[in-house]
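These are my notebook entries on one structure.

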Amino acid sequence: MAAPRTALLAHLQTWRPYTLWYPGLVGLAGATLAGSHATTGQLLVAWAAPTLGWLAGHYLGDYFDRDLDALSKPQRPIPSGRLSPRAAVATGIGCAIAVAALALWANWRAVAVAAAAMAGIVAYSRVLKGRGLSGNLIRGVLTALTVLFGAMAVQPWPPWRALPFALVFLAHDTASNLVGTLRDVDGDREGGYATVPVRQGVRRATHTAAALYLAAVAVACAATGLVPKDTAGYLVLLSAAALCGAGAFGLLLRSPGHLAPALALRAHAVLVAERLVLAAAVVAAGAGAALALALLTPLLTVSVITQSRMRSRHEFPAPLADGGPTLPDPRP
(Lines give C-alpha, C1' and ligand atoms only; values in the text may rest on other atoms or scores of the structure.)
Protein backbone atom coordinates (compact mmCIF):
# COMPACT_ATOMS: atom_id res chain seq x y z
CA MET A 1 0.00 0.00 0.00
CA ALA A 2 2.92 2.35 0.59
CA ALA A 3 3.86 2.71 -3.10
CA PRO A 4 0.35 3.59 -4.40
CA ARG A 5 -0.14 6.01 -1.51
CA THR A 6 3.21 7.67 -2.25
CA ALA A 7 2.32 8.00 -5.93
CA LEU A 8 -1.10 9.44 -5.10
CA LEU A 9 0.41 12.03 -2.77
CA ALA A 10 2.98 12.93 -5.45
CA HIS A 11 0.18 13.61 -7.94
CA LEU A 12 -1.77 15.59 -5.33
CA GLN A 13 1.27 17.76 -4.64
CA THR A 14 1.74 18.29 -8.37
CA TRP A 15 -1.86 19.49 -8.64
CA ARG A 16 -1.22 22.23 -6.01
CA PRO A 17 -4.83 22.07 -4.77
CA TYR A 18 -4.53 25.57 -3.31
CA THR A 19 -4.34 26.90 -6.90
CA LEU A 20 -6.57 24.39 -8.65
CA TRP A 21 -9.88 26.26 -8.24
CA TYR A 22 -8.76 29.49 -9.84
CA PRO A 23 -8.72 28.64 -13.59
CA GLY A 24 -12.15 27.04 -13.45
CA LEU A 25 -13.58 30.08 -11.68
CA VAL A 26 -12.03 32.37 -14.31
CA GLY A 27 -13.49 30.22 -17.10
CA LEU A 28 -16.88 30.36 -15.42
CA ALA A 29 -16.53 34.13 -15.13
CA GLY A 30 -16.04 34.31 -18.89
CA ALA A 31 -19.10 32.14 -19.41
CA THR A 32 -21.28 34.36 -17.23
CA LEU A 33 -20.16 37.43 -19.18
CA ALA A 34 -21.32 35.73 -22.38
CA GLY A 35 -24.96 35.56 -21.36
CA SER A 36 -27.52 34.21 -18.93
CA HIS A 37 -28.82 31.32 -21.08
CA ALA A 38 -25.86 28.96 -20.78
CA THR A 39 -26.64 25.27 -20.38
CA THR A 40 -25.26 23.20 -17.55
CA GLY A 41 -22.99 21.39 -20.01
CA GLN A 42 -21.56 24.66 -21.30
CA LEU A 43 -20.85 25.89 -17.79
CA LEU A 44 -19.16 22.60 -16.92
CA VAL A 45 -16.90 22.91 -19.96
CA ALA A 46 -16.07 26.51 -19.04
CA TRP A 47 -14.98 25.23 -15.61
CA ALA A 48 -13.46 21.84 -16.42
CA ALA A 49 -11.38 22.63 -19.51
CA PRO A 50 -9.33 25.44 -17.89
CA THR A 51 -8.87 23.27 -14.79
CA LEU A 52 -7.53 20.39 -16.87
CA GLY A 53 -5.31 22.82 -18.77
CA TRP A 54 -3.99 24.11 -15.45
CA LEU A 55 -3.17 20.54 -14.41
CA ALA A 56 -1.44 19.94 -17.74
CA GLY A 57 0.64 23.04 -17.10
CA HIS A 58 1.70 21.80 -13.67
CA TYR A 59 2.73 18.37 -14.94
CA LEU A 60 4.56 19.65 -18.01
CA GLY A 61 6.08 22.59 -16.14
CA ASP A 62 7.43 20.31 -13.43
CA TYR A 63 8.84 18.04 -16.13
CA PHE A 64 10.66 20.90 -17.85
CA ASP A 65 11.82 22.29 -14.47
CA ARG A 66 13.08 18.96 -13.14
CA ASP A 67 16.77 19.86 -13.43
CA LEU A 68 16.29 23.26 -11.80
CA ASP A 69 14.15 21.73 -9.08
CA ALA A 70 16.84 19.12 -8.42
CA LEU A 71 19.11 22.03 -7.43
CA SER A 72 16.76 24.22 -5.39
CA LYS A 73 13.65 22.12 -4.66
CA PRO A 74 14.74 18.49 -4.40
CA GLN A 75 11.73 17.66 -2.23
CA ARG A 76 9.31 18.04 -5.16
CA PRO A 77 7.70 14.92 -6.67
CA ILE A 78 9.90 14.50 -9.76
CA PRO A 79 13.39 15.23 -8.36
CA SER A 80 12.57 13.23 -5.22
CA GLY A 81 11.74 10.21 -7.39
CA ARG A 82 8.14 9.92 -6.21
CA LEU A 83 6.82 10.82 -9.67
CA SER A 84 8.64 9.70 -12.79
CA PRO A 85 9.27 12.20 -15.62
CA ARG A 86 7.51 9.82 -18.02
CA ALA A 87 4.39 9.73 -15.83
CA ALA A 88 4.38 13.54 -15.57
CA VAL A 89 4.57 13.96 -19.36
CA ALA A 90 1.93 11.30 -20.02
CA THR A 91 -0.49 12.81 -17.50
CA GLY A 92 0.10 16.32 -18.81
CA ILE A 93 -0.55 15.26 -22.40
CA GLY A 94 -3.64 13.33 -21.31
CA CYS A 95 -5.03 16.46 -19.64
CA ALA A 96 -4.28 18.51 -22.77
CA ILE A 97 -6.12 16.01 -24.98
CA ALA A 98 -9.10 16.18 -22.63
CA VAL A 99 -9.10 19.98 -22.95
CA ALA A 100 -9.17 19.72 -26.75
CA ALA A 101 -12.04 17.21 -26.62
CA LEU A 102 -14.11 19.43 -24.34
CA ALA A 103 -13.43 22.47 -26.50
CA LEU A 104 -14.46 20.59 -29.64
CA TRP A 105 -17.68 19.44 -27.98
CA ALA A 106 -18.64 22.93 -26.82
CA ASN A 107 -17.50 25.09 -29.75
CA TRP A 108 -15.04 24.06 -32.44
CA ARG A 109 -13.75 27.63 -32.61
CA ALA A 110 -12.60 27.35 -29.00
CA VAL A 111 -10.14 24.62 -30.01
CA ALA A 112 -7.85 27.35 -31.36
CA VAL A 113 -7.97 29.17 -28.01
CA ALA A 114 -7.21 25.93 -26.17
CA ALA A 115 -4.34 25.14 -28.55
CA ALA A 116 -2.89 28.63 -28.08
CA ALA A 117 -3.09 28.20 -24.31
CA MET A 118 -1.31 24.83 -24.41
CA ALA A 119 1.37 26.29 -26.68
CA GLY A 120 1.78 29.12 -24.19
CA ILE A 121 2.16 26.65 -21.32
CA VAL A 122 4.96 24.82 -23.14
CA ALA A 123 6.60 28.06 -24.26
CA TYR A 124 6.55 29.40 -20.70
CA SER A 125 8.00 26.27 -19.15
CA ARG A 126 10.50 25.47 -21.89
CA VAL A 127 11.68 28.90 -23.06
CA LEU A 128 10.18 32.03 -21.54
CA LYS A 129 10.22 31.33 -17.80
CA GLY A 130 13.86 32.33 -17.52
CA ARG A 131 13.72 35.31 -19.87
CA GLY A 132 12.52 38.13 -17.70
CA LEU A 133 9.17 39.87 -17.99
CA SER A 134 8.16 37.97 -21.14
CA GLY A 135 7.77 34.83 -19.03
CA ASN A 136 5.55 36.60 -16.52
CA LEU A 137 3.56 38.16 -19.35
CA ILE A 138 2.75 34.82 -20.96
CA ARG A 139 1.22 33.65 -17.67
CA GLY A 140 -1.05 36.68 -17.78
CA VAL A 141 -1.95 35.93 -21.40
CA LEU A 142 -2.95 32.38 -20.43
CA THR A 143 -5.49 33.66 -17.90
CA ALA A 144 -6.82 36.21 -20.38
CA LEU A 145 -7.35 33.34 -22.84
CA THR A 146 -9.23 31.48 -20.10
CA VAL A 147 -11.78 34.30 -19.91
CA LEU A 148 -12.25 34.16 -23.68
CA PHE A 149 -12.48 30.36 -23.66
CA GLY A 150 -15.17 30.47 -20.98
CA ALA A 151 -17.18 32.92 -23.06
CA MET A 152 -16.75 30.75 -26.17
CA ALA A 153 -18.09 27.73 -24.30
CA VAL A 154 -21.41 29.60 -24.34
CA GLN A 155 -21.30 31.69 -27.54
CA PRO A 156 -19.60 31.19 -30.92
CA TRP A 157 -17.44 34.25 -30.24
CA PRO A 158 -16.73 36.09 -26.97
CA PRO A 159 -18.77 39.27 -26.50
CA TRP A 160 -16.86 42.51 -26.69
CA ARG A 161 -17.57 43.28 -23.03
CA ALA A 162 -15.44 40.27 -22.05
CA LEU A 163 -12.29 41.83 -23.50
CA PRO A 164 -11.65 44.45 -20.75
CA PHE A 165 -12.04 41.74 -18.11
CA ALA A 166 -9.56 39.58 -20.01
CA LEU A 167 -7.13 42.53 -19.83
CA VAL A 168 -7.71 42.71 -16.06
CA PHE A 169 -6.57 39.11 -15.65
CA LEU A 170 -3.69 39.61 -18.07
CA ALA A 171 -2.21 42.43 -15.97
CA HIS A 172 -3.15 40.78 -12.67
CA ASP A 173 -1.58 37.39 -13.37
CA THR A 174 1.52 38.94 -14.90
CA ALA A 175 1.95 40.76 -11.58
CA SER A 176 1.15 37.68 -9.50
CA ASN A 177 3.58 35.49 -11.44
CA LEU A 178 6.28 38.11 -11.05
CA VAL A 179 5.72 38.12 -7.29
CA GLY A 180 6.09 34.34 -7.41
CA THR A 181 9.65 34.71 -8.73
CA LEU A 182 10.77 36.77 -5.71
CA ARG A 183 11.18 33.71 -3.49
CA ASP A 184 13.38 31.83 -5.98
CA VAL A 185 16.16 34.32 -6.70
CA ASP A 186 19.10 32.16 -5.60
CA GLY A 187 17.79 28.97 -7.18
CA ASP A 188 16.92 30.71 -10.46
CA ARG A 189 20.34 32.35 -10.63
CA GLU A 190 22.07 29.05 -9.98
CA GLY A 191 19.95 27.33 -12.63
CA GLY A 192 20.60 30.05 -15.23
CA TYR A 193 17.08 31.52 -15.19
CA ALA A 194 17.27 35.27 -15.88
CA THR A 195 14.06 36.30 -14.16
CA VAL A 196 13.26 39.95 -13.45
CA PRO A 197 14.55 39.85 -9.83
CA VAL A 198 17.72 38.05 -10.98
CA ARG A 199 18.32 40.59 -13.75
CA GLN A 200 17.15 43.79 -12.12
CA GLY A 201 16.93 43.07 -8.41
CA VAL A 202 14.17 42.42 -5.92
CA ARG A 203 13.32 46.12 -5.53
CA ARG A 204 12.71 46.70 -9.24
CA ALA A 205 10.76 43.46 -9.60
CA THR A 206 8.52 44.37 -6.65
CA HIS A 207 7.79 47.83 -8.02
CA THR A 208 7.05 46.43 -11.48
CA ALA A 209 4.63 43.88 -10.03
CA ALA A 210 2.91 46.57 -7.96
CA ALA A 211 2.48 48.79 -11.03
CA LEU A 212 0.96 45.91 -12.99
CA TYR A 213 -1.39 45.11 -10.13
CA LEU A 214 -2.53 48.73 -9.95
CA ALA A 215 -3.13 48.67 -13.70
CA ALA A 216 -5.31 45.57 -13.29
CA VAL A 217 -7.39 47.25 -10.58
CA ALA A 218 -7.69 50.42 -12.66
CA VAL A 219 -8.98 48.52 -15.70
CA ALA A 220 -11.38 46.55 -13.47
CA CYS A 221 -12.79 49.81 -12.10
CA ALA A 222 -13.06 51.29 -15.59
CA ALA A 223 -14.97 48.20 -16.74
CA THR A 224 -17.73 48.76 -14.16
CA GLY A 225 -19.96 50.28 -16.81
CA LEU A 226 -19.81 47.01 -18.78
CA VAL A 227 -21.12 44.85 -15.94
CA PRO A 228 -24.19 43.06 -17.34
CA LYS A 229 -25.98 42.12 -14.12
CA ASP A 230 -24.80 42.93 -10.56
CA THR A 231 -22.74 46.10 -10.38
CA ALA A 232 -22.95 46.38 -6.59
CA GLY A 233 -21.83 42.79 -6.02
CA TYR A 234 -19.01 43.24 -8.50
CA LEU A 235 -17.73 46.38 -6.80
CA VAL A 236 -17.93 44.89 -3.29
CA LEU A 237 -15.93 41.81 -4.27
CA LEU A 238 -13.52 43.87 -6.36
CA SER A 239 -12.91 46.11 -3.35
CA ALA A 240 -12.25 43.06 -1.17
CA ALA A 241 -9.77 41.73 -3.73
CA ALA A 242 -8.00 45.09 -3.92
CA LEU A 243 -7.66 45.22 -0.12
CA CYS A 244 -6.08 41.74 -0.16
CA GLY A 245 -3.74 42.85 -2.92
CA ALA A 246 -2.76 45.94 -0.94
CA GLY A 247 -1.91 43.70 2.00
CA ALA A 248 0.27 41.45 -0.14
CA PHE A 249 2.20 44.29 -1.72
CA GLY A 250 2.45 46.03 1.64
CA LEU A 251 4.42 43.03 2.90
CA LEU A 252 6.78 43.25 -0.08
CA LEU A 253 7.25 46.99 -0.26
CA ARG A 254 8.20 47.21 3.41
CA SER A 255 11.14 44.87 2.78
CA PRO A 256 12.32 45.56 -0.77
CA GLY A 257 16.05 45.20 -0.19
CA HIS A 258 16.37 41.99 1.82
CA LEU A 259 13.46 39.65 1.34
CA ALA A 260 13.14 36.36 3.21
CA PRO A 261 11.87 33.56 0.96
CA ALA A 262 9.16 32.78 3.50
CA LEU A 263 7.95 36.40 3.42
CA ALA A 264 7.88 36.40 -0.38
CA LEU A 265 5.87 33.18 -0.27
CA ARG A 266 3.48 34.68 2.28
CA ALA A 267 2.80 37.65 0.01
CA HIS A 268 2.18 35.37 -2.94
CA ALA A 269 -0.08 33.16 -0.80
CA VAL A 270 -2.26 36.22 -0.15
CA LEU A 271 -2.46 36.80 -3.92
CA VAL A 272 -3.45 33.15 -4.45
CA ALA A 273 -6.46 33.78 -2.22
CA GLU A 274 -7.04 37.28 -3.58
CA ARG A 275 -7.33 36.14 -7.18
CA LEU A 276 -10.20 33.84 -6.23
CA VAL A 277 -12.03 36.88 -4.89
CA LEU A 278 -11.25 38.78 -8.10
CA ALA A 279 -12.58 35.95 -10.26
CA ALA A 280 -15.68 35.77 -8.06
CA ALA A 281 -16.19 39.50 -8.61
CA VAL A 282 -16.42 38.89 -12.37
CA VAL A 283 -18.79 35.96 -11.77
CA ALA A 284 -20.95 38.37 -9.76
CA ALA A 285 -20.81 40.83 -12.66
CA GLY A 286 -22.32 38.26 -15.00
CA ALA A 287 -24.43 36.07 -12.74
CA GLY A 288 -24.99 37.90 -9.47
CA ALA A 289 -23.36 38.01 -6.06
CA ALA A 290 -25.35 35.07 -4.67
CA LEU A 291 -23.79 32.58 -7.09
CA ALA A 292 -20.38 34.20 -6.76
CA LEU A 293 -20.38 33.90 -2.97
CA ALA A 294 -21.79 30.36 -3.07
CA LEU A 295 -18.78 29.36 -5.18
CA LEU A 296 -16.18 31.52 -3.49
CA THR A 297 -16.81 30.49 0.11
CA PRO A 298 -15.91 26.79 -0.15
CA LEU A 299 -13.20 27.32 -2.77
CA LEU A 300 -11.47 29.99 -0.74
CA THR A 301 -11.71 27.86 2.40
CA VAL A 302 -10.11 24.85 0.69
CA SER A 303 -7.42 27.04 -0.86
CA VAL A 304 -6.44 28.65 2.45
CA ILE A 305 -6.36 25.34 4.32
CA THR A 306 -4.35 23.48 1.68
CA GLN A 307 -1.90 26.36 1.35
CA SER A 308 -1.25 26.36 5.08
CA ARG A 309 -0.67 22.60 5.13
CA MET A 310 1.13 21.94 1.86
CA ARG A 311 2.71 24.92 0.20
CA SER A 312 5.83 25.69 2.24
CA ARG A 313 6.97 22.09 2.02
CA HIS A 314 6.36 22.10 -1.72
CA GLU A 315 8.25 25.34 -2.34
CA PHE A 316 11.16 25.08 0.09
CA PRO A 317 13.48 22.38 1.43
CA ALA A 318 12.89 21.77 5.15
CA PRO A 319 15.27 24.44 6.59
CA LEU A 320 13.77 27.23 4.47
CA ALA A 321 10.20 26.14 5.07
CA ASP A 322 10.46 27.50 8.60
CA GLY A 323 11.78 30.92 7.57
CA GLY A 324 15.38 30.49 6.56
CA PRO A 325 17.85 33.21 5.66
CA THR A 326 16.99 36.39 3.86
CA LEU A 327 17.77 36.91 0.20
CA PRO A 328 19.93 39.99 -0.44
CA ASP A 329 18.92 42.06 -3.40
CA PRO A 330 21.51 41.15 -6.08
CA ARG A 331 21.61 44.73 -7.38
CA PRO A 332 21.73 48.04 -5.52
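**Aromatic pairs.** I counted five aromatic pairs, taking rings of Phe, Tyr and Trp (its six-membered ring) as paired if their centres lie within 6.5 Å, with planes under 30 degrees apart counted as stacked, over 60 as edge-to-face and the rest as tilted. I worked on a predicted model, in which local features need pLDDT of at least 70, side-chain atom pairs count only at pLDDT 80 or more, and totals for chains, interfaces and linings use all residues. Residues are numbered from 1 along each chain as its sequence is written, and side-chain values use heavy atoms, with hydrogens and water left out.

I looked up Tyr22 and Trp54 and found an edge-to-face pair, 6.1 Å centre to centre with 80° between the planes. This pair joins distant parts of the chain, as Tyr22 is in helix H2 (residues 21-33) and Trp54 is in helix H3 (residues 40-64), 32 residues apart. Helices here are DSSP runs (H or I, at least four residues), numbered from the N terminus. I noted both Tyr22 and Trp54 as buried, that is, under 20% relative accessible area with a 1.4 Å probe and protein chains only.

I then turned to Tyr22 and Phe169, whose ring centres are 6.5 Å apart with planes at 55°, so I recorded the pair as tilted. Here too distant parts of the chain are linked: Tyr22 in helix H2 and Phe169 in helix H8 (residues 162-180), 147 residues apart. Phe169 is buried, as is Tyr22.

**Charges over rings.** Which ring lies under the charged end of Arg66? I found the ring of Tyr63, with the charged end 4.1 Å from its centre. The criterion is NZ of Lys or CZ of Arg within 6 Å of the ring centre and within 35 degrees of the ring normal. I also found Arg139 over the face of Trp54, 5.8 Å from the ring centre.

**H3 and H5.** I looked up how H3 meets helix H5 (residues 85-106): the axes come within 8 Å and cross at roughly 155°. Axes are lines fitted to C-alpha atoms, for helices over the stretch in contact, and angles run from 0 to 180 degrees between N-to-C directions. H3 and H5 are therefore roughly antiparallel, the term for angles over 145 degrees. I recorded the crossing of H3 past H5 as left-handed, meaning that the near helix is turned anticlockwise from the far one by less than a right angle, whereas clockwise gives right-handed. Among the residues that meet are Gln42, Tyr59 and Tyr63 in H3 and Cys95, Leu102 and Trp105 in H5.

**Gln42.** I placed Gln42 in helix H3 and noted it as buried, with a relative accessible area of 19%. Not counting residues up to four places away in sequence, Gln42 touches His37, Trp105, Ala153 and Val154, where contact means heavy atoms within 4.5 Å.

**H13 and H14.** I found that the axes of helix H13 (residues 261-287) and helix H14 (residues 289-315) come within 10 Å and cross at roughly 165°. That makes H13 roughly antiparallel to H14. H13 passes H14 in a right-handed crossing. The contact includes Leu265, His268 and Leu276 of H13 and Leu295, Gln307 and Arg311 of H14.

**Leu128.** I located Leu128 in helix H6 (residues 110-128). The C-alpha atoms of Leu128 and Ile138 are separated by 8.0 Å, with the two residues 10 apart along the chain.

Note on methods. Helices (H or I, at least four residues) and strands (E, at least two) are DSSP runs, numbered from the N terminus. Buried means under 20% relative accessible area, exposed over 50%, partly exposed in between (1.4 Å probe, protein chains only). Angles under 35 degrees count as roughly parallel, over 145 as roughly antiparallel, 65 to 115 as roughly perpendicular and the rest as oblique.
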